[in-house]
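These notebook entries record what I looked up about the aromatic rings and their surroundings. The structure is shown first.

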Amino acid sequence: MAATVSFSVPSPDGPRTATVSYARKGSGAPLLLLHGIGHHRQAWDPVVDILATERDVIAVDLPGFGASPALPAGLAYDLATVVPVLDAFCAALGIDRPHVAGNSLGGLLALELGREKLVRSVTALSPAGFWTDAERRYAFALLLGMRRAARTLPPPFVERLSRTAAGRAVLVSAIYARPGRRSPEAAAAETFALARATGFADTLRAGTNVQFTDDVPGLPVTVAWGTRDRLLVRRQGVRAKQIIPRARLVRLPGCGHVPMNDDPALVARVILDGSR
């Protein structure tokens, strides 16, 4: 069931009020799910029911994405701002140090939450921040192309495309290895979410100088990478293992950049194993 919560966050000009939309399901230890740039919490739908058998699952629309409004004026979309916002969100829900799993941008945020000791464990699926300059420029160019297409295509045309496997490949093959498995409704909805994401440009701009270079000591970390990731190529997972030497590095055969729909059972197992 979708809900929203508003809470106070610090800013240079004094406390501001942020609002975050989320969905919560299941019971057990809390597990926070964070999506990637331009996406929304429904990216996690294929695995939520499995995770909810063992965890209290909280899937978040990051500020400026999905159903969450933009951050208050004057707040940046950088790690130094969004990580405390997520910590304040957890506090507003009465959650203390949840497990966290994130994909892409969400994976980077999950690792930062771990580095700040704000969570119990981290599972990062194709996290951002382990790129070379050339790899980052390639990924950003692909994201900008997807955003431009999403904002240009008329909604009725997007809905028509989503009704066929070939059309869904046109819409979402950059992030899914098996786009035909995505439902028509989900493929259309995430295209619209990308088009309407108020935080997209500022988040991408903030990511220009991001490079994850620090270890995450003192808690379990899993880094998982799809073998068919076309956005952040899988050799970045090897770099992540070098930077976080105690991390468990997991290969996701046949999965793309957003692996939850490509192989829900495998991804759910990786997350549950990483949060035990």
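Is Y22 buried or exposed? I looked up its accessibility in this predicted model. Y22 has a relative accessibility of 11% and therefore counts as buried, since the cut-off for that class is under 20%.

**Entry on the pairs.** I then looked up the aromatic pairs, and the count comes to four. One of them joins Y22 and F89: the ring centres are 5.5 Å apart and the planes stand at 70°, so I recorded the pair as edge-to-face. The angle required for that label is over 60 degrees. I also noted where the two residues sit: Y22 belongs to strand β2 (residues 16-26) and F89 to helix α2 (residues 79-92).

**Entry on F89.** For F89 I found a relative accessible area of 0%, so this residue is buried.

**Entry on W131 and F140.** How are the rings of W131 and F140 arranged? Their centres lie 5.5 Å apart and their planes are at 90°, so this pair is edge-to-face. I checked the accessibility of each partner. W131, at 6% relative accessibility, counts as buried. F140 is buried as well, its relative accessible area being 10%.

**Entry on a charge.** Finally, I asked which residue lies over the face of F140. I found R136 there, at 5.2 Å from the ring centre.

Definitions and conventions: Residues numbered from 1 in each chain as written. Predicted model: local features only at pLDDT ≥ 70, side-chain atom pairs only at ≥ 80, totals over all residues. Heavy atoms only, no water. Phe/Tyr/Trp six-rings, centres within 6.5 Å; stacked < 30°, edge-to-face > 60°. Helix = DSSP H or I, 4+ residues; strand = E, 2+ residues; numbered from the N terminus. Buried < 20%, exposed > 50% of the residue type's maximum accessible area, 1.4 Å probe, protein only. Lys NZ or Arg CZ within 6 Å of the ring centre and 35° of its normal.
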